[in-house]
Amino acid sequence: MQAWQVHENGEPSEVMRLEDVERPTPGDGQVLLRVRAANINFPDVLMVRGHYQVRPPLPFTPGVEICGETEDGRRVIANPALPYGGFAEYAVADEAALLSAPESLDDAEAAALHIGYQTGWFGLHRRARLEAGETLLVHAAAGGVGSAAVQLGKAAGARVIGVVGAAGKAAVARELGCDVVIDRRAQDVVGAVKEATGGRGADVIYDPVGGEAYTQSTKVVAFEGRIVVVGFASGTIPSPALNHALVKNYAILGLHWGLYNTKNPKLVQHCHEQLTELAGRGAIRPLVSERVPLDGAAAAVQRVGDGVTTGRVAVVPQNGATA
């Protein structure tokens with residue numbers, strides 16, 4: 001079969017190689033899956049660069065999120081067991097963690113209805129307890145993680161303010177359903193949020209960016225507001241001033257979605273049921289901006305790393321898998 005291999009860490013376009021390799025052999029409790037679509041996540045970029053908290057042994061195949069097909073023909077969503085990741089014709093995954101792919105979504109959309117949407121659901125509902133009528137501010141609202149949070153916020157009845165980094169991304173954020181869109185490169189984010197909320201600020205802030213975005217969040221969070229820390233796509237990890245949180249009376253909530261897979265896996269299944277129901281009635285639908293063939297994966301991972309994509313980019317192996 002064909003699979004992308006990383007023999008040394010570096011930029012995806014430089015170190016990912018498409019090679020002919022043996023199909024992976026499932027271990028105890030694992031299954032072999034034919035990859036129907038693999039979604040590109042920012043952790044894939046970090047893993048290739050060697051900057052992620054998980055460092056698989058070299059060589060490895062990146063790709064942490066797929067829609068795959070079991071040997072008996074079931075269409076499932078899975079997180080491949082590294083080093084046999086999803087940017088390949090076949091991958092392996094833990095059988096106990098497989099989730100049914102919603103019939104309402106195609107393969108690329110189904111692959112994207114996992115990490116980003118699970119993170120959004122846990123962040124907004126489990127951690128921040130978002131309520132209908134509240135104002136939700138989403139940083140990087142046109143990206144893969146942000147776009148999921150925007151849709152989930154609208155589905156929950158919130159007023160959503162999206163912050164983006166380009167005019168083209170602003171258009172995408174509007175199409176996703178944002179009530180207010182702020183282009184951070186052309187507008188003053190703090191002033192624009194205060195104007196949009198009558199000076200009150202946002203009740204819940206969803207931050208997968210860190211850095212300056214987090215600093216802005218602390219200036220526009222409402223009384224009894226909640227800042228959900230999801231990631232640090234900016235590359236800068238903030239150092240929160242806890243005296244500021246005390247004086248303004250807001251909460252800083254960390255979210256590491258992966259922990260739920262071991263700490264409370266039943267909640268992951270419950271979340272998937274909620275997401276499947278929302279997708280079934282059209283309340284959410286993953287924004288897949290690109291579908292690229294397997295041989296285009298390295299360039300696509302690089303584009304995600306460079307921050308020039310919107311929504312999700314999916315790798316779709318062509319014409320099925322070969323031996």
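**Starting from one residue**

Tutor: Let's begin with I284, which is buried, with a relative accessible area of 1%. Keep in mind that this is a predicted model.

Student: Why does I284 count as buried?

Tutor: Because buried means under 20% relative accessible area, and I284 has 1%.

Student: Which residues is I284 in contact with, leaving aside neighbours within four places in sequence?

Tutor: L275, L278 and A279 are among them. So are L113 and Y117, along with Q151 and L152.

Student: And how far is I284 from L82 in space?

Tutor: C-alpha to C-alpha, the two are 29 Å apart, and in sequence they are 202 residues apart.

Student: You mentioned L82. What kind of peptide bond joins L82 and P83?

Tutor: A cis one, with omega at about 20 degrees. P83 is in the loop between β5 (75-78) and β6 (90-94).

Student: What about the bond from L58 to P59?

Tutor: That peptide bond is cis too, with omega near -10 degrees. P59 lies in a loop as well, between α2 (42-49) and β4 (66-69).

Student: Switching topic: what can you tell me about strand β15?

Tutor: Strand β15 covers residues 312-315. R312 and A314 point one way, V313 and V315 point the other way, and all of them are buried.

Student: Which way does β3 run relative to β15, parallel or antiparallel?

Tutor: Antiparallel: strand β3 (residues 30-39) is joined to β15 by two bridges. In that pairing, N39 stands opposite A314.

Student: And how many bridges are there between β14 and β15?

Tutor: Four, and this pair is parallel.

Student: Next up, the phi angles. What's the phi of A140?

Tutor: A140 has a positive phi of about 55 degrees, although it is not a glycine. You'll find A140 in the loop between β8 (135-139) and α5 (144-155). With a relative accessible area of 31%, A140 is partly exposed.

Student: And E224, what's its phi?

Tutor: Also positive, about 60 degrees, and E224 is not a glycine either. E224 lies in a strand, β12 (residues 221-229).

Student: Is E224 buried or exposed?

Tutor: Exposed, because its relative accessibility is 52% and the cut-off for exposed is over 50%.

Student: Let's zoom out. How many helices and strands are there in the protein chain?

Tutor: There are 12 helices and 15 strands. The C-alpha trace spans about 60 × 40 × 35 Å along its principal axes.

Student: Why does the radius of gyration agree with a compact globule?

Tutor: Because a compact globule with 323 residues would have a radius near 20 Å, and the protein chain has 19 Å.

Student: How much of the protein chain is buried?

Tutor: Buried residues make up 54% of the 323 residues. Also, among contacts between residues at least 6 apart in sequence, 67% join residues at least 24 apart.

Student: Last one: how many positive and negative side chains are there?

Tutor: The protein chain has 29 positive and 35 negative ones, and the centres of the two sets lie 7 Å apart.

Note on methods. Residues numbered from 1 in each chain as written. Predicted model: local features only at pLDDT ≥ 70, side-chain atom pairs only at ≥ 80, totals over all residues. Heavy atoms only, no water. Rg over C-alpha atoms; globule rule 2.2 N^0.38 Å. Buried < 20%, exposed > 50% of the residue type's maximum accessible area, 1.4 Å probe, protein only. Contact = heavy atoms within 4.5 Å. Lys, Arg positive; Asp, Glu negative; His and termini not counted. Charge placed at Lys NZ, Arg CZ, Asp CG, Glu CD. Pairing = 2+ DSSP bridges.
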